Amino acid sequence: MANSPQAKKRARQNEKRFAVNKARRSRIRTFLRKAEEAIASGDKDAAAAAVRAAQPELMRGVTKGVYHKNTAARKISRLTARVKALG
């Protein structure tokens with residue numbers, strides 16, 4: 001357990017950051033799930049709209065340090081390719 005005042009403060013800060021990041025990650029996953037479901041339904045317009053909605057959320061996760069830039073780019077690229085394949 002943290003003993004010094006500095007270590008105690010860091011432990012408190014870590015708990016707060018963990019809660020915030022967890023909420024962000026959950027929100028992003030929800031957008032991704034909606035996009036996946038829209039693609040699975042086969043409706044190209046709905047799928048495209050869902051991917052467009054998920055894209056800024058993913059990139060916001062990058063700026064907030066929840067995801068790595070390449071991870072977000074890869075996810076967006078794969079979703080976009082799947083929407084495009086719906087034809």
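The side chains of glutamate 57 and arginine 60 are joined by a polar contact of 2.8 Å, a polar contact being a pair of N or O atoms within 3.5 Å in which, within protein, one must be able to donate a hydrogen and the other to accept it, while residues adjacent in sequence count only if both atoms are side-chain atoms. The model is a predicted one, in which local features need pLDDT of at least 70 and side-chain atom pairs count only at pLDDT 80 or more, whereas totals for chains, interfaces and linings use all residues. Residues are numbered from 1 along each chain as its sequence is written, and side-chain values use heavy atoms, with hydrogens and water left out.

Glutamate 57 is found in helix α2, residues 44-63, where helices are DSSP runs (H or I, at least four residues) numbered from the N terminus. Leaving aside residues up to four places away in sequence, glutamate 57 touches Arg27, Ile28 and Phe31, contact meaning heavy atoms within 4.5 Å. Arginine 52 and phenylalanine 31 are 21 residues apart in sequence and 9.9 Å apart in space, C-alpha to C-alpha.

Helix packing is summarised next, with axes fitted to C-alpha atoms over the stretch in contact and angles running from 0 to 180 degrees between N-to-C directions.

| Helix pair | Angle | Axes |
|---|---|---|
| α1 and α2 | about 160° | 8 Å apart |
| α1 and α3 | roughly 20° | within 10 Å |

The helices α1 and α2 are therefore roughly antiparallel to each other, and α1 and α3 are therefore roughly parallel, given that angles over 145 degrees count as roughly antiparallel and those under 35 as roughly parallel. The crossing of α1 and α2 is left-handed, the near helix being turned anticlockwise from the far one by less than a right angle. Among the residues making this contact are Arg27, Ile28 and Phe31 of α1 and Glu57 of α2, and the contact residues divide into 13 nonpolar, one polar and three charged; Ala, Val, Leu, Ile, Met, Phe, Trp, Tyr, Cys and Pro count as nonpolar, Asp, Glu, Lys and Arg as charged, and the others, Gly among them, as polar.

The crossing of α1 and α3 is left-handed, and the contact is made by Leu32, Ala35, Glu36 and Ile39 of α1 and Lys75, Leu79, Arg82, Val83 and Leu86 of α3.

Definitions and conventions:
Helices (H or I, at least four residues) and strands (E, at least two) are DSSP runs, numbered from the N terminus. Angles under 35 degrees count as roughly parallel, over 145 as roughly antiparallel, 65 to 115 as roughly perpendicular and the rest as oblique.
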